[in-house]
Protein chains: 2
Amino acid sequence: MDSRIMHQLTYGLFVLSAAENGKDNGCIINTVTQVSAAPAHVTISVCKQNYTHDMIARTGRFNVAILDITAPFDLFQRFGFQSGRDADKFAGVETIRTANGILIPTEHVNAWFSGKVLQAWELGSHSLFLADIEGGEIMSGKEPATYAFYHKNIKPRPQAGKRKGWRCKICGYVYEGEELPPDYVCPLCKHGASDFERIE
Amino acid sequence: MDSRIMHQLTYGLFVLSAAENGKDNGCIINTVTQVSAAPAHVTISVCKQNYTHDMIARTGRFNVAILDITAPFDLFQRFGFQSGRDADKFAGVETIRTANGILIPTEHVNAWFSGKVLQAWELGSHSLFLADIEGGEIMSGKEPATYAFYHKNIKPRPQAGKRKGWRCKICGYVYEGEELPPDYVCPLCKHGASDFERIE
C-alpha cells in the first residue's frame with residue numbers, strides 16, 4: 001500500500017503528561033480522539049518506547065495539553081526529541097499541577113484535560129488507552145495546532161547543505177549513509193525508517 | 001467540565017462506507033486515527049445510530065474516503081444528514097467499487113483505504129472498531145479537510161432571521177421552542193443537546 005495514504009489523516013498535537021513516584025514526565029503525541037459522547041470517552045495511542053507510556057500503563061492517569069498554533073519548535077524538541085529517562089523535560093517550563101497530581105505546561109496550550117484509563121490494548125509498537133475524562137480547563141483558547149500546521153509552519157526548513165543520506169521527515173535528524181536499515185529508528189523522535197527520506 | 005474543551009480536539013472528515021446484501025451505504029465520521037505503526041492499525045469510532053455502524057458490526061469490512069478541502073456542503077448533507085435506512089446515499093455519486101466490494105466516492109477525496117475489523121468495543125453512544133488496513137490509493141491528493149475547516153468554510157452561515165429556539169452547531173437544524181430537552185437528538189445529524197446553541 002502507498003504509505004502516503006496514512007499521512008493524509010488529520011491530527012492535532014498534544015503534550016501528554018504523567019507522574020509517578022515524584023517524577024514528572026511528558027511527551028508529544030498526535031492521537032487524541034473523543035470516541036464516544038455518552039458517556040464521554042477518549043482514546044490516546046502512545047508509542048511503547050516513550051517513558052510516559054510506561055508511567056501511564058502503571059498509574060492509569062494522564063493529562064493532555066492541546067497545543068495551539070503559537071507553540072514554538074523548542075517545545076517539540078523538549079517534549080518530543082529527548083527521553084524523560086535521561087532528562088527532566090519540565091525543568092524551566094511554566095506549569096500547573098492539576099488535581100490528579102500531574103503537571104501541564106501552561107504556555108502555548110489551548111486547553112487541557114485529565115484522563116483516567118479504563119482499558120489498555122497492546123498493539124505492537126503502540127498501546128491504545130481508553131479513558132474517562134476527569135476535568136479540564138480552557139487556557140489560551142487559541143486555534144489548535146494541527147500536525148500539518150507543524151510541518152508547514154513550526155518545523156525549521158531543512159538547510160541546504162552537503163550532508164548526504166536519509167533525513168527524518170518528523171524531526172529533521174540526518175542519518176549519514178548510503179543505505180538506511182529497514183528497522184532503523186530515529187534516535188531523536190523514535191520514528192521508523194518509513195518516515196525517512198533520501199537526501200542527496 | 002467545560003464542554004468546549006473537547007471541541008478543541010482536531011479531526012479530519014471522512015466518508016465511511018460499507019456494503020451488505022447488495023446494499024451500499026455510507027456516513028460522515030471525523031474519528032479515524034492510525035493507532036499503531038508496526039503493525040499498522042487504525043481505529044474508527046462510529047455512532048450506533050448510523051446504519052453504516054450496524055453494517056460494519058455485521059460484516060467487519062469498511063472503506064474510509066479522506067475528504068479534501070474541495071468537498072461541498074451537499075456532500076455532507078448527502079452522507080451525514082439523512083439515514084441510509086431511508087435513502088440510497090450513493091445514488092448519482094461517482095464511485096469506485098474497491099476489492100472488498102464496498103463503494104467509495106471519487107470526487108473531493110484525497111485518498112481512501114479499506115479496513116478489516118479486528119476488534120470492536122461498545123462505548124455507549126458509539127462503537128470503537130480496531131482495524132487492519134487492506135489497501136488503498138491516493139486520489140486527488142489535495143489538502144485534507146479538517147473539522148475546523150468545515151465549520152469555517154464549508155457549512156453555510158446561519159441566516160439572520162426570526163426563528164427562535166436552539167440551533168444545532170453541527171448541521172444548522174433549528175429546534176423551535178423555549179427549552180431544549182436534555183436528551184434531544186438532532187433529527188438531521190443525530191448530534192445531542194450539548195451541540196445545540198440558543199438563538200434569539
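Author: Taken over C-alpha atoms, the centres of domain 1 of chain A and domain 2 of chain A are separated by 26 Å. This is a predicted model, in which local features need pLDDT of at least 70 and side-chain atom pairs count only at pLDDT 80 or more, while totals for chains, interfaces and linings use all residues. Residues are numbered from 1 along each chain as its sequence is written, chains are lettered from A in the order in which they are written, and side-chain values use heavy atoms, with hydrogens and water left out.

Reader: What makes domain 1 and domain 2 of chain A the parts into which it is divided?

Author: The bounds come from an automatic or database domain assignment, which gives domain 1 as 6-150 and domain 2 as 157-200. The contact between them (heavy atoms within 4.5 Å) takes 8 residues from domain 1 of chain A and 9 residues from domain 2 of chain A.

Reader: How do you know that the copies meet through the same surface?

Author: Of the interface residues of chain B, 100% are also interface residues in chain A, so the copies meet through the same surface. In this interface, 47 residues of chain B are in contact with 47 residues of chain A.

Reader: What area do chain B and chain A bury between them?

Author: Buried area is the accessible area (1.4 Å probe) that two parts lose on being put together, summed over both, and for chain B and chain A it is about 3500 Å², 70% of it on carbon and sulfur atoms. In chain B, B:Gln8, B:Thr10 and B:Leu123 lose the most area to chain A, together 16% of what that side buries.

Reader: What is the class make-up of the lining of the largest cavity?

Author: With Ala, Val, Leu, Ile, Met, Phe, Trp, Tyr, Cys and Pro counted as nonpolar, Asp, Glu, Lys and Arg as charged, and the others, Gly among them, as polar, the lining of the largest cavity has 5 nonpolar, 9 polar and no charged residues.
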